[in-house]
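Okay, thanks everyone, I'll keep this short. I want to walk through the charged pairs in this one and then zoom out to the overall fold.

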Amino acid sequence: MKVFRVEGTFRMGPSIQTFSKEVAAEDESAAREVVYGDLGSKHRAPRRGLWISTVTEVPLTDVVDSLARVKAGAAE
């Protein structure tokens, strides 16, 4: 499994919030789905109110999020 850094913005009430999230996924489209699900669940942001600007693969040595690192199979 790979780790992707997904960056973008989403509408939260009247304001626009930026985000950067690292997720473990098989490919880029799966990483997008994970982020849509997470932000939709935690912030009640609908998909049409969420704009993903970049999805980049992150080498395991540069991963900051410990949960994404463990899910990708890298040791702590």
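One term before we start: when I say buried I mean under 20% relative accessible area, exposed is over 50%, and partly exposed is in between. And keep in mind that this is a predicted model.

Glu28 has a relative accessible area of 39%, so it goes down as partly exposed. Its partner is Arg32: the two form a salt bridge, with 3.6 Å between the closest N and O atoms. Arg32 comes in at 27%, so that's partly exposed too. Both residues sit in helix α1, four residues apart, which is about one turn of the helix.

Next up, Glu22 and Arg5. Their side chains meet in a salt bridge at 2.5 Å, N to O. Glu22 is in strand β2, residues 15-25, and Arg5 is in strand β1, residues 2-12, so this pair ties together parts that are 17 residues apart in sequence. Is Glu22 buried or exposed? Buried: its relative accessibility is 10%, and the cut-off for buried is under 20%. Arg5, at 23%, counts as partly exposed.

Then there's Asp38 with Lys21, another salt bridge, this one at 3.5 Å, N to O. Here the link is between distant parts of the chain: Asp38 belongs to helix α1, residues 28-43, Lys21 to strand β2, and they are 17 residues apart. Asp38 is partly exposed at 25%, and Lys21 is partly exposed at 22%.

Okay, zooming out. The protein has two helices and three strands, and along the sequence they run β-β-α-β-α. The radius of gyration is 13 Å, close to the 11 Å that the globule rule gives for 76 residues, so the protein is as compact as a globular protein of that length. If you box up the C-alpha atoms along the principal axes, you get roughly 40 × 20 × 20 Å.

What share of the 76 residues is buried? That's 32%.

Last one, on contacts. Of those with a separation of 6 or more, 52% come from residues 24 or more positions apart.

Key
Residues are numbered from 1 along each chain as its sequence is written. This is a predicted model: local features need pLDDT of at least 70, side-chain atom pairs count only at pLDDT 80 or more; totals for chains, interfaces and linings use all residues. Side-chain values use heavy atoms; hydrogens and water are left out. A salt bridge is a side-chain nitrogen of Lys or Arg within 4 Å of a carboxyl oxygen of Asp or Glu. Buried means under 20% relative accessible area, exposed over 50%, partly exposed in between (1.4 Å probe, protein chains only). The radius of gyration is taken over C-alpha atoms; the globule rule is 2.2 Å times the number of residues to the power 0.38. Contact means heavy atoms within 4.5 Å.
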